[in-house]
Amino acid sequence: MRRVAIFVSGGGSNMVSLLEDMALPGHAGMACVVLANSVDAGGLARAAERGVPTVAVDHRPFKGDREAFEAAISDALAPYAPDMICLAGFMRKLTGGFTDQWAGRIINIHPSLLPKYKGLHTHSRALEAGDRVHGCTVHEVTAALDDGPVLGQASVPVVPGDTPETLAARVLEQEHLLYPAVLRRFAAGDKTPVILSGPKT
């Protein structure tokens, strides 16, 4: 059984989908801790409600010193002895010093069909480009932003009248399906990509 740490910054909807799937039979992973970079992150309460240990490492006192922030994260994780990390809406960029320590054991979900639209504002960028298909990607994390081997993708159609908000909502539904499917496979040692297709609306 692989011990999984989940990092969040906000409400943690993807975290919840991972926790719910790990609670089902036959999963090779178990959640050992949920970590947030703010004590106010809603995901902490949602994890605690499900009986998962939580810890907060506020990034603000470390302004300008990512390495010190990451050292504090490592210290906070140590008692829980995770085997791998899932980034689930964790909005802090991690340095190579941290990601290299976890190479092959840290994954992330990103709201675009990578390599398109790394970084922020992915839904508005897809609309501005006139894309007909958009989606989300789970990938291994490296020091480069939103890079690393792809472990899964889910696509959704872009429909007339879409706004960044409506498109984001449709993509989020697929995130909640894709991330658990990838983690279930990845925790069992299988890196074969998971490919999902959303509703044909």
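Me: What makes S6 and strand S7 (residues 150-157) a pair in this predicted model?
Reply: Seven bridges join S6 to S7. Two strands pair if DSSP finds at least two bridges between them, so S6 and S7 qualify. The two run antiparallel. One of the bridges links His-134 to Val-156 in S7.

Me: How do you know that strand S5 (residues 106-110) pairs with S6?
Reply: Four bridges connect S5 and S6, in the antiparallel sense. The threshold is at least two, so S5 and S6 count as paired. Ile-109 has Val-138 in S6 as its bridge partner. Ile-107 is bridged to Glu-140 in S6.

Me: Why is strand S6 (residues 133-140) called largely enclosed?
Reply: Seven of its eight residues are buried, so the rest of the structure largely encloses S6. Buried here means under 20% relative accessible area.

Me: What is the strand order of the open sheet?
Reply: The order is S3-S2-S1-S4-S5-S6-S7-S8, eight strands with mixed pairing.

Me: Why are strand S3 (54-56) and strand S8 (194-197) called edge strands?
Reply: Each of S3 and S8 pairs on one side only. On average, neighbouring strands of this sheet are turned by 20° against each other, direction ignored.

Me: How do you know that helix H2 (residues 42-49) packs on the sheet?
Reply: H2 touches strand S1 (2-8), strand S2 (29-36) and S3. A contact needs heavy atoms within 4.5 Å. The direction of H2 makes about 160° with that of S3.

Me: Which strands does helix H3 (residues 66-77) lie across?
Reply: H3 lies across S1, S2, S3 and strand S4 (84-87). It runs at about 140° to S2.

Me: What makes a residue part of the lining of the largest pocket, and how many residues line it?
Reply: A lining residue has an atom within 4 Å of a pocket point. The largest pocket has 35 such residues. Phe-90, Met-91, Asn-108, Ile-109 and His-110 lie nearest its centre. Helix H1 (13-22), S5, helix H5 (122-128) and helix H6 (164-187) each supply at least two lining residues. The volume of this pocket is about 780 Å³.

Me: How do the lining residues of the largest pocket divide by class?
Reply: There are 14 nonpolar, 15 polar and six charged residues.

How values were computed:
Residues are numbered from 1 along each chain as its sequence is written. This is a predicted model: local features need pLDDT of at least 70, side-chain atom pairs count only at pLDDT 80 or more; totals for chains, interfaces and linings use all residues. Side-chain values use heavy atoms; hydrogens and water are left out. Buried means under 20% relative accessible area, exposed over 50%, partly exposed in between (1.4 Å probe, protein chains only). Axes are lines fitted to C-alpha atoms, for helices over the stretch in contact, and angles run from 0 to 180 degrees between N-to-C directions. On a 1 Å grid over the protein atoms alone, a cavity is a set of points where a 1.4 Å probe fits but cannot get out, and a pocket is an open set with protein on both sides within 12 Å along at least five of seven lines; lining residues have an atom within 4 Å of a point. Grid points are joined across faces, edges and corners, and a volume is the space filled by probe spheres set on the points. Ala, Val, Leu, Ile, Met, Phe, Trp, Tyr, Cys and Pro count as nonpolar, Asp, Glu, Lys and Arg as charged, and the others, Gly among them, as polar.
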